[in-house]
Amino acid sequence: MPSAEVLDDAAPSDEGRIDADHEMPLGEEDETEEPAVPAPVLAARGLGHQTRGLGRQQSGLGRQTRRETVFQPFDLEVFPGELIVLTGAPGSGRTAALLSLTGNFRHNQGVVERAQTALGLVRGVHEPEPMLTAREHLDERLRLLRPVGMPTRVRRERHRAALAEAERRLPFDATAKARDLSPLDRHRLMIELARLADPAVLAVDDADVQLTLDEQRDLADALRATRLAAVLTAREATAYAPDRIVEITR
């Protein structure tokens with residue numbers, strides 16, 4: 001069975017080439033320091049998942065153990081500021097793969113090493129409450145995240161400042177209820193909620209559902225503006241101009 005395939009369209013790099021016309025004079029040392037290579041904030045090796053079930057034997061007598069693949073193993077490294085898109089056919093296990101990367105779905109193949117991750121919009125798993133306003137969502141999340149043991153006055157001041165900053169970043173009225181937000185603004189709200197936890201990686205599911213191509217580009221801009229690594233799932237990745245595309249298969 002074929003394994004998941006990582007597609008990288010980046011142009012070949014000239015890094016490491018030596019220009020013969022600019023040789024270093026004898027007796028001189030090159031004191032130029034090479035830039036430090038950043039460590040990945042998310043890395044997966046052989047990540048996959050299979051389930052066990054019972055099925056009838058062909059003879060019709062008794063039952064036998066049967067394995068069902070949720071998604072095929074794949075490798076991935078994500079670096080700070082990158083935008084990665086997981087693609088695949090319907091039912092390919094994109095959402096399960098995304099949640100496995102973030103620690104919200106238990107996998108049974110491979111390993112994942114991650115810095116702190118946070119979920120954006122994942123339908124059925126992490127969605128805004130329809131009757132709460134954007135401000136109420138932000139206020140509630142900040143209360144859950146506030147540190148213990150801080151003096152009350154300092155805690156309240158920091159809470160108000162953080163709430164005001166988060167509201168300022170929203171491109172819509174913070175008094176709007178979640179049920180009245182457009183699909184794009186629902187994504188934007190969930191991105192701001194995720195950012196409050198100061199993660200290294202944001203994860204967003206079905207990033208192209210109910211969004212036009214222009215709105216998908218706007219969502220990509222909003223994610224890149226956070227300067228965090230972002231991992232999305234989408235049927236098509238073109239509008240996001242991702243750093244890498246990973247095809248998820250079963």
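The model is predicted: local features need pLDDT of at least 70, side-chain atom pairs need pLDDT 80 or more, and totals for chains, interfaces and linings use all residues. Residues are numbered from 1 along each chain as its sequence is written, and side-chain values use heavy atoms, without hydrogens and water.

**Exercise 1.** Find where histidine 126 lies, decide whether histidine 126 is buried or exposed, and list its side-chain polar contact with arginine 141.

*Solution.* 
1. Locate the residue. Histidine 126 sits in the loop between β6 (117–119) and α2 (134–145). Helices (H or I, at least four residues) and strands (E, at least two) are DSSP runs, numbered from the N terminus.
2. Check the burial. The relative accessible area is 17%, so histidine 126 is buried. Buried means under 20%, exposed over 50%, partly exposed in between (1.4 Å probe, protein chains only).
3. Look at the side chain. The histidine 126 side chain reaches the backbone oxygen of glycine 120 at 2.8 Å. Its polar contact with the arginine 141 side chain spans 3.3 Å. A polar contact is a pair of N or O atoms within 3.5 Å; within protein, one must be able to donate a hydrogen and the other to accept it, and residues adjacent in sequence count only if both atoms are side-chain atoms.

**Exercise 2.** Which residues of α2 and α4 make the contact?

*Solution.* 
1. Helix α4 covers residues 183–195.
2. Name the residues. α2 gives Ala134, His137, Leu138 and Arg141. α4 gives Leu189, Glu192, Leu193 and Ala194. Contact means heavy atoms within 4.5 Å.

Terms used
Axes fitted to C-alpha atoms, helices over the stretch in contact; angles between N-to-C directions.
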